[in-house]
Number of protein chains: 2
Amino acid sequence: MKLATLRASRPDGQLVVVSADLGRYVSAGRVAPTLQAALDEWERAAPALRELSDQLEAGAVSGQVFDPSQAHAPLPRAFQWIDGSGYMSHLERVRSLKGSLDSELQSVRPLIYQGGSDSLSAPTDPILVPTEDLALDFEAEAAVIIGAVPMNPSREQAAAAIRLVTVVNDVSLRRLVADDLQNGFGFFHAKPSTSFAPVVATPKSLGDRWRDNRLHLPVRVEVNGTLYGQPNAGIGMQFDFVDLIMEAARTRRLAAGTIIGGGTISNPHDETLPIKRDGIGFACIAEARTAEKAKYGRARTPFLKPGDRVRIAAGTEGGPAAFGAIDQRVELLPK
Amino acid sequence: MKLATLRASRPDGQLVVVSADLGRYVSAGRVAPTLQAALDEWERAAPALRELSDQLEAGAVSGQVFDPSQAHAPLPRAFQWIDGSGYMSHLERVRSLKGSLDSELQSVRPLIYQGGSDSLSAPTDPILVPTEDLALDFEAEAAVIIGAVPMNPSREQAAAAIRLVTVVNDVSLRRLVADDLQNGFGFFHAKPSTSFAPVVATPKSLGDRWRDNRLHLPVRVEVNGTLYGQPNAGIGMQFDFVDLIMEAARTRRLAAGTIIGGGTISNPHDETLPIKRDGIGFACIAEARTAEKAKYGRARTPFLKPGDRVRIAAGTEGGPAAFGAIDQRVELLPK
């Protein structure tokens, strides 16, 4: 079963069921007006949504053409967005940057931070930046949306809470990272609105592409039409989504609709940009730049500037995108 | 105008209008089902809520007895909770603690962090802790709930967005602060669910107790019936609520219903606990302990333990509490 939220007059949009090939949709309004409402009553809503999904696949309801540009973020505003850092090679590569962290900690527990969730971005929303000089970067990540989890949950409770899977762009302002981490109370200004793929899918609908509590799909990242990376989200993820949920709930319960990010997808290799056709590459610019510094003595790949386009989609080249594509253009905030 | 959210079957509770003396309430259901819904359409909702408030004060509607134990947090789950640190003397006192921060930064910009907002606590909810050894502390703060604010707002835009005022208990696990700040990505485990007073009030309804974008009221803190502090929230607040909103919106817009905390209230003085009847004291235990260390060479006041009660209320002794009282008991999470 795949779901999306279409833009609507109300801030939380309109929940729809999307066909497996993302070609068509049918309104889920008679089950739940919004995705949050469905997550609040998942035991009741999920079977009814699944029935709609079955009818759509069988042609029993015809539905309408699904236009990803009409999609909002699945939760246009969420009660919680927690981002983890599940991939060791991402941390290893960015540790050489200013503001890097204790190299010992990650092997014991995953790093997580509290992200802003009040204004999440649609897949085709512009990435708005207040000035050009903030070292704008993308971070392609897998993410899950969960049901309620009690404080200090068991591994079984955490695993059972995973409702939906998707990919996100954790937009990052690299120039503000060191300030946030070293002088302040943690990530804040460096992490503006996160962007979401148009579609979320149940783990079951992903078949063997969801196993071991990880998404086993390459996530392709293109900047201005050039491939920057296609690392596999299932490779090198030291801490899986259940680890991240358990870590997040150590001292607090998590409400239904909490979104957990797996961290910048990163596979170990010695490549630099441009990557070869069968290369792995990078899911963020910061990693590409540190690889370049190590190899050439200086970073070559520039951060994003107004007018640049970033496309992020999970799936093999030419194949269907499992969750549709994030496709955003960078824009400078109008004065 | 004063508002509250009563517990209801739905997760966001039921919006009610409360009388100025907090004695009676009337349902606001015909204006907006929840406080978030009212904030989403404030231009329409506020006049209608004010009319209900006027009718309640005039006796034109009789309403029902307001029982604070039936109150939920005004926003039982919010889309954003950002806590600032507006009071210099709080930072000066806690800087001597392990995990303290650069002493230069605060004079330039206020420190803020992204708090968890998915499960905010009611005024009489227990404070649940997973273990006894986490150095449990309270932090009495003033807070505002705002309307939507654009990225990089003007001072006028930020000021105009302040909708409602209240007090909160920013529950803190001191033992986890250094880990969160030094080894991780910022506050997370050290800041479990924040608790809220039962009532929120418009700035206008507070008269001259709201001026210069600050709350000018003493906030009384009692632990197990003993007065620990009554610092005035209007004194020593170097960065006011407009400064905090502008800082929070530097690289992102803020959605309606965002809650901004002013930081642990702290007035400069040389006292230690127990305080005299007309003393000022402390709005958190960490400050009392550092004052004791400076004076006696060791901290005397223990952190909170299961069974302890914390009461936080804004207002002069014996007078009415402007927002009602936060009155919580510490409980160990059942195994």
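Predicted model: local features only at pLDDT ≥ 70, side-chain atom pairs only at ≥ 80, totals over all residues.
In strand S17 of chain B, B:Leu227 is the bridge partner of B:Glu222. Residues are numbered from 1 along each chain as its sequence is written, chains are lettered from A and ligands numbered from 1 in the order in which they are written, and side-chain values use heavy atoms, with hydrogens and water left out.

**The sheet**

Helices (H or I, at least four residues) and strands (E, at least two) are DSSP runs, numbered from the N terminus. Two strands pair if DSSP finds at least two bridges between them. Five strands of chain B form an open sheet with mixed pairing, in the order S7-S20-S19-S16-S17. Its edge strands, S7 (127-129) and S17, each pair on one side only. From one strand to the next the twist averages 25°; axes are lines fitted to C-alpha atoms, for helices over the stretch in contact, and angles run from 0 to 180 degrees between N-to-C directions.

| Strand pair (chain B) | Bridges | Sense |
|---|---|---|
| S16 and S17 (residues 226-229) | three | antiparallel |
| S16 and S19 (residues 309-314) | five | antiparallel |
| S19 and S20 (residues 326-332) | four | antiparallel |

On the S19(B) side, B:Glu222 has B:Arg311 as its bridge partner. B:Arg311 in turn is partnered by B:Asp327 in S20(B). The hairpin of S16(B) and S17(B) has two residues between the strands, and B:Asn224 there takes a positive phi near 50°.

In a regular strand the side chains alternate between the two faces of the sheet. For S16(B), one side holds B:Val219, B:Val221 and B:Val223 and the other B:Arg220 and B:Glu222, all of them buried. Buried means under 20% relative accessible area, exposed over 50%, and partly exposed in between (1.4 Å probe, protein chains only).

**The loop between S18 and H7**

Two residues of this loop are described. B:Asn267 lies between strand S18 (259-261) and helix H7 (285-296) of chain B. B:Asn267 counts as buried because its relative accessibility is 4%. Its side chain reaches the backbone nitrogen of B:Asn232 at 2.7 Å and the backbone oxygen of B:Ile235 at 3.0 Å.

B:Thr264 is in the loop between S18 and H7 of chain B as well, and is buried at a relative accessible area of 2%. B:Thr264 and B:Glu141 are 123 residues apart in sequence, yet 5.0 Å apart in space, C-alpha to C-alpha. The side chains of B:Thr264 and B:His90 make a polar contact at 3.4 Å. A polar contact is a pair of N or O atoms within 3.5 Å; within protein, one must be able to donate a hydrogen and the other to accept it, and residues adjacent in sequence count only if both atoms are side-chain atoms.

**Helix H7**

The buried residues of H7(B) include B:Ile285, B:Ala288 and B:Glu292. The buried residues of this helix pack against helix H3 (88-94), strand S8 (136-137) and S17 of chain B, with contact meaning heavy atoms within 4.5 Å. Just after H7(B), B:Gly297 takes a positive phi of about 85°.
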